[in-house]
Structure formats: structure tokens, C-alpha cells
Amino acid sequence: MIHHSETKASTRVRIALIGAGALGSECCRQIVQLPGADALIESILLVDPDILTWQNVPLSRVYQELCYLNPEQCIGRSKVLILQGFLNRYAPLIKVEVIAAPVADVGWQQLRASHVLITATDSVLSRMETGLAATTLRIPMLDGAVHANSTGEGRVSWFTGQNDHACYSCGMSDVSRARLLAQMASPSNGCERLTPSLAMSGAPPDTPSLEITARRMVQLRCEWTVNRSGFLTGSFIVKSDELARVTAPRSITCPWHDVSSAELIELFPDKPFRDQFPRQEAHQGDRCFELQWPISLVASCEHCGKESRRLLRLAQLRTASCPHCGDRALQSDQTVSVIRSRDPLAKLTPRQLGLPDLHLIRLRPTVQFPPITNGQNEKETKRATAS
């Protein structure tokens with residue numbers, strides 16, 4: 001373990017913390033307790049879409065303290081705004097920014113500004129989305145988890161973000177990875193639904209693993225600040241005061257390491273896609289923008305059969321309710337995953353398509369596949385995307 005007094009101001013890091021629940025808030029508490037925290041950390045970007053409810057309060061020491069002092073200013077308010085106030089109070093020299101949205105709706109330019117991405121979320125989906133960003137942007141990812149109803153076991157994993165090292169997705173079995181990616185990227189619902197995780201609903205705040213896991217996450221981040229080149233991908237199983245390191249080899253079947261043929265382009269949110277393609281040489285051939293996660297343009301409800309024209313990522317569509325009957329049985333009838341310069345959608349702007357501001361998008365050589373429309377013909381596709 002390093003001595004924090006040995007670090008210098010030049011080593012101050014920028015952190016993106018994904019998740020503001022029990023573990024995320026405990027990470028914030030551990031950060032403000034660091035000796036000289038202001039000299040260690042330059043800024044923190046907090047990302048979480050949820051608001052605080054009374055059910056969340058017993059799981060977090062931070063929320064317990066804040067709700068005891070002023071419950072009217074906490075309950076029903078965004079978690080990231082509450083933690084921003086907490087950090088501003090106890091570590092005023094650390095710049096704190098917040099985004100009350102899922103990590104998939106955060107522009108990658110904002111994530112790229114961070115030195116490390118920390119995931120303290122109970123959602124496997126959020127971890128997968130953060131893992132893709134970390135691998136593509138070559139940013140280290142520090143992931144922590146505490147088992148629900150655990151008597152003292154947690155996990156802390158470090159991923160270097162380098163293409164030749166394991167990422168978060170590499171640690172999953174081929175079957176589990178394929179099933180989850182299908183839920184996130186396939187227009188068909190198939191036989192399974194994306195269900196919410198059980199998360200930490202059974203882990204009380206006095207569970208030793210919660211505090212120990214958060215403390216170990218913060219310590220590991222500090223150690224990396226001093227010795228960045230010496231860190232390799234691996235996991236620590238946290239049980240009481242014991243730490244057991246587990247190596248994590250890169251999986252040859254993980255699809256997130258094959259990015260050599262793509263370059264990242266900064267998007268202007270209010271400029272049509274067709275005007276943002278770089279000038280290409282004759283030998284380069286046609287290229288296309290590849291969305292990180294496919295977007296449903298038109299969906300229909302399997303229960304009532306009515307159509308919905310909301311722009312939703314497929315992962316959002318899986319858990320969205322039908323606006324007509326309220327059932328969670330929407331299936332995408334028209335999905336977009338790539339945009340070519342001559343596509344009807346190319347006249348839209350990234351903001352009109354629902355992409356976040358300050359975003360980065362992959363520019364790839366065009367592969368000629370027919371659009372995924374689940375049976376709709378080209379005429380119907382153009383009609384559905386007309387603005």
C-alpha cells in the first residue's frame with residue numbers, strides 16, 4: 001500500500017464514477033477521508049440516472065447521514081446531485097460534475113477526459129457499457145461489487161483498458177456474454193427478457209465487505225497513480241480483511257478488442273451526419289458511422305400490436321413500457337446500427353437521433369449488409385425515418 005503523502009500534485013487524476021448507490025456513495029466517503037484528497041484527485045464525474053428513495057437510505061451511510069440532517073433535500077432528488085453536495089462540502093477543492101443519465105447516454109468525449117473509469121453499479125448492463133468505453137478509449141476501468149445477502153465478500157477488479165489485456169467482457173463466459181449482447185444489440189426479443197439485477201438490496205451498510213470493498217477500490221486507484229505502468233489486469237476477492245488476487249486472461253472470443261479498422265470521430269450534435277464524414281481518398285472506399293449501441297426507430301407491442309415511434313437504445317427498449325397498453329413487450333421493427341452518407345438517416349443530426357452531446361463515434365469501412373428492419377421494405381423504412 002502506498003503512503004498518500006508520497007504523491008505529488010502532478011499526479012492528480014480525473015475520475016468518472018459510474019453508480020451512486022450504496023457502493024458508489026461509500027466510495028465517495030472513502031475518498032473524502034483520504035489524507036490530502038484534494039492533492040490526489042483533480043475532478044470526479046458522477047454518473048447515475050436514479051433518484052434517492054427511502055428504500056435506498058438504509059443501504060448507505062452517506063445517505064443515512066444526509067437524510068437525518070435534511071430529508072426534504074434528499075428524498076426524490078437525483079443521487080448524483082446529492083453526492084455532489086457531499087463532496088463539495090468535505091473536499092471543496094475537487095471539481096465535481098454530474099450526469100443524471102445511464103452511462104450509455106454519456107458522450108464519450110466526457111469519458112475520455114477521465115484517467116480512470118470506476119464502476120460501482122449493481123447493473124451488469126452498465127458494467128458492459130462502461131467496459132466497451134474503457135476498451136475503445138484505452139482507459140483503465142476499476143470495477144467493484146458486493147454480493148447481496150453477503151456475510152463479507154466483495155470483489156474489486158482492475159482492467160488496464162489496453163487492447164492486449166482482458167476487459168470486463170472477457171471475464172464472462174461465452175454463453176453469458178452472447179446472451180447479454182443479444183439483449184443489447186439484437187432487434188428480436190427472442191425467448192428471454194432483460195431483467196433487473198437483484199443488486200445489493202440485502203446488503204446492510206454495516207456489512208464489512210461494503211466498506212472494505214470501497215476502501216480497497218480507492219486504495220487501488222491511489223496505487224495506480226504512483227505506478228501506472230506496473231498495473232496488470234486482475235481481480236481481488238475481498239473477504240473480511242483478506243485479499244485474494246485472481247488473474248484474468250484476455251478472451252479470444254471477446255468482440256471488443258477488434259477495433260483496428262475503426263477510428264473515432266468527434267460529432268457535432270446539431271450537424272447532419274452526412275456533413276460530418278471526413279473527406280476520403282479514392283483508395284479508402286465507402287465508410288460508415290457505427291453506433292455503439294443500436295437504436296430502435298419503430299417498435300410494436302407484442303401484446304396490443306400497436307406501433308411506437310420512440311428513439312430508444314435496444315437495451316432501453318427491453319425494459320420500456322408500451323405507451324398504449326403499459327405492457328413491457330416492445331419489439332423493434334426498425335433498427336439502425338450504422339449510418340452511411342447516402343442513407344435517409346444521414347440527413348438527421350446526432351441530437352435528433354438521440355445520441356448524447358460531446359460524443360465520439362466509430363468510422364469504419366462500409367460492409368454491405370441489408371438494413372435490419374424485421375421485414376419492412378425499403379419504402380416503409382424511408383417513410384418511418386422521414387422527419
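User: Which residues of α4 do Val62, Tyr63, Glu65, Leu66 and Leu69 in α3 meet?

Analyst: This is a predicted model, in which local features need pLDDT of at least 70, side-chain atom pairs count only at pLDDT 80 or more, and totals for chains, interfaces and linings use all residues. Residues are numbered from 1 along each chain as its sequence is written, and side-chain values use heavy atoms, with hydrogens and water left out. Contact means heavy atoms within 4.5 Å; helices (H or I, at least four residues) and strands (E, at least two) are DSSP runs, numbered from the N terminus. On the α4 side, the five α3 residues meet Lys79, Ile82, Leu83, Phe86, Arg89 and Tyr90.

User: How do α3 and α4 lie relative to each other, and how does their contact divide by class?

Analyst: α4 covers residues 79-90, and its axis is 11 Å from that of α3, at an angle of about 85°. Axes are lines fitted to C-alpha atoms, for helices over the stretch in contact, and angles run from 0 to 180 degrees between N-to-C directions. Angles under 35 degrees count as roughly parallel, over 145 as roughly antiparallel, 65 to 115 as roughly perpendicular and the rest as oblique, and α3 is thus roughly perpendicular to α4. The contact of α3 with α4 divides into eight nonpolar (Ala, Val, Leu, Ile, Met, Phe, Trp, Tyr, Cys and Pro), no polar (the others, Gly among them) and three charged (Asp, Glu, Lys and Arg) residues.

User: Is Glu65 buried or exposed, or in between?

Analyst: Glu65 sits in α3, residues 61-69. Leaving aside residues up to four places away in sequence, Glu65 touches Arg89 and Tyr90. Buried means under 20% relative accessible area, exposed over 50%, partly exposed in between (1.4 Å probe, protein chains only). Glu65 has a relative accessible area of 32%, so the label is partly exposed.

User: Which residues make the contact of α1 with α3?

Analyst: The axes of α1 and α3 are 7 Å apart, at about 85°. The two helices are therefore roughly perpendicular. The contact uses Ser25, Glu26 and Arg29 of α1 and Arg61, Val62 and Tyr63 of α3. By class, this contact of α1 with α3 has two nonpolar, one polar and three charged residues.

User: Why is α1 largely enclosed by the rest of the structure?

Analyst: Take α1, residues 22-32, and count. Ala22, Cys27, Arg29 and Val32 are among the buried residues. The tally is 11 of the 11 residues, so α1 is largely enclosed, and the count of buried residues is 11.

User: Which residues of α6 and α7 make their contact?

Analyst: α7 spans residues 174-185, and its axis comes within 11 Å of the α6 axis, crossing at roughly 85°. So α6 is roughly perpendicular to α7. The contact has Val124, Leu125, Met128 and Glu129 from α6, with Arg177, Leu180, Leu181 and Met184 from α7. Its classes are six nonpolar, no polar and two charged.

User: Which hand does the unit of β4, α6 and β5 have?

Analyst: β4 (residues 116-119) pairs with β5 in the parallel sense over three bridges. Pairing requires at least two DSSP bridges between the strands. A crossover is right-handed if, with the strands pointing away from the viewer, the path from the first strand over the helix to the second runs clockwise. With α6 at residues 124-137, this β-α-β unit is right-handed.

User: Which residues cover the two faces of β5?

Analyst: Six of the six residues of β5 (residues 141-146) are buried, so the strand is largely enclosed by the rest of the structure. Met141, Asp143 and Ala145 are on one side, and on the other are Leu142, Gly144 and Val146.

User: What percentage of the 387 residues count as buried?

Analyst: The protein chain has 10 helices and 14 strands. Of its contacts with a separation of 6 or more, 74% join residues 24 or more positions apart. The buried share of the 387 residues is 53%.
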